[in-house]
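Here are my notes after going through the model; have it open while you read. I've kept them as numbered points.

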Amino acid sequence: MDILAYTKTRSNELADYLDECARSPLVFDGNDPLMHSSDNHIHLWNLEYFAERNEWIDLKYKHEFVTYILDAWKNRIKGLAPYQTQGYRMYVYSDMAPTISVVAETEIGFPYRNSLDNAVYVNELLSVLEHYEGRKWSHNFGGEWDLTHERVLNTVASNKGSISKPTANMLGLKVGELRHLIINMGLSRKVNDIRKKFKRRPADFSHNVDDDYQMLFYEILLPPKFS
């Protein structure tokens, strides 16, 4: 199935999102794979958001959706420097939404060293996606809601870059939920741009895993000059 063409028959907005993810800029500066992942990761919250509202988005569709992005990335990274001598590691892992990432192979290896104690490797992509079956993404935030990028950013701006309790309350969230939402929506940089405008220090949106939380990792190892 041509997943992009099929998606266009169902939702132009989701099709645009799929195409945007597949074309997302990929860079591999420096020797720390965690920095590579910081540049080359996408929290697929939008996929879960649409799945909550559309029954046609089932597990098979999600698998095709993620595979399309991974295949597009594989083709694109062949033209970058690490392809010749280093190779790559690709990941799909569980967070508040399925998350995809690609890093160059380095001496460090597994990039998410802060999550190592919580990491559980799985052999299939499907195992990560099944983690989200039978629940709604909005339940991460205490119930039904309808938030957009624009509303979150406008609310932060209206509070002069604050991401504290008053801002969270305006969105119907707790402070921790707001921080998770900013991360999963990929708004960390834009929020810090707003904070800079109001002369606030950058907020630290680095990922912190609860001690009792397990993260599922599906790993693809791509050697140099892979075909």
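1. Let's start with T155, which sits in helix α8. Bear in mind throughout that this is a predicted model. Is T155 buried or exposed? Its relative accessible area is 8%, and the cut-off for buried is under 20%, so T155 counts as buried. Leaving out residues up to four places away in sequence, T155 touches T167, M170 and L171.

2. Staying with α8, have a look at how it packs on α11. α8 covers residues 149–158 and α11 covers 188–197; the two helices pack at about 20 degrees, and their axes are 10 Å apart. Angles under 35 degrees count as roughly parallel, and α8 and α11 are therefore roughly parallel to each other. Their crossing is right-handed. On the α8 side the contact is made by L153, V156 and A157, and on the α11 side by K190, V191 and I194. Sorted by class, that contact has 5 nonpolar residues, no polar ones and 1 charged.

3. Next comes α10, residues 175–184. Which of its residues are buried? They are E177, L178, L181, I182, I183 and N184. Both α8 and α11 are part of what covers them, and the cover also includes β1 (41–43), α4 (45–51) and α9 (165–170). After α10 comes G186, with a positive phi near 70 degrees.

4. Now the nonpolar cores. The largest one has 64 residues, and L44, F65, V66 and I100 are those with the most contacts inside it. Helix α5 (residues 59–77) gives the most to this core, namely 8 residues. If you ignore neighbours within four places in sequence, L44 is in contact with Y17, C21, F65, V66, I69, A97, P98 and I100. There is also a second, separate core of 8 residues, with Y93, A119, M215 and F217 among them.

5. α5 turns up again in a packing with α2 (residues 12–22). Here the angle is about 35 degrees, with the axes 8 Å apart. α2 brings L14, Y17, L18, C21 and A22 to the contact, while α5 brings Y61, F65, Y68, I69, A72, W73 and R76. By class, the count is 11 nonpolar, no polar and 1 charged.

6. P98 is buried, with a relative accessible area of 0%. Beyond residues up to four places away in sequence, P98 touches I42, H43, L44, E48, Y93, L129 and Y132. For a sense of scale, P98 and L173 are 75 residues apart in sequence and 21 Å apart in space, C-alpha to C-alpha.

7. Last one: F28. Where does F28 lie? In the loop between α2 and α3 (33–39). Setting aside neighbours within four places in sequence, its contacts are H36, N40, I77, L80, P82, Y88, V102, V103 and A104. Take L80 from that list: F28 and L80 are 52 residues apart in sequence and 8.7 Å apart in space, C-alpha to C-alpha.

Methods. Residues are numbered from 1 along each chain as its sequence is written. This is a predicted model: local features need pLDDT of at least 70, side-chain atom pairs count only at pLDDT 80 or more; totals for chains, interfaces and linings use all residues. Side-chain values use heavy atoms; hydrogens and water are left out. Axes are lines fitted to C-alpha atoms, for helices over the stretch in contact, and angles run from 0 to 180 degrees between N-to-C directions. Helices (H or I, at least four residues) and strands (E, at least two) are DSSP runs, numbered from the N terminus. Angles under 35 degrees count as roughly parallel, over 145 as roughly antiparallel, 65 to 115 as roughly perpendicular and the rest as oblique. A crossing is left-handed if the near helix is turned anticlockwise from the far one by less than a right angle, and right-handed if clockwise. Contact means heavy atoms within 4.5 Å. Ala, Val, Leu, Ile, Met, Phe, Trp, Tyr, Cys and Pro count as nonpolar, Asp, Glu, Lys and Arg as charged, and the others, Gly among them, as polar. Buried means under 20% relative accessible area, exposed over 50%, partly exposed in between (1.4 Å probe, protein chains only). A nonpolar core is a set of buried Ala, Val, Leu, Ile, Met, Phe, Trp, Tyr and Cys residues joined through side-chain atoms within 4.5 Å.
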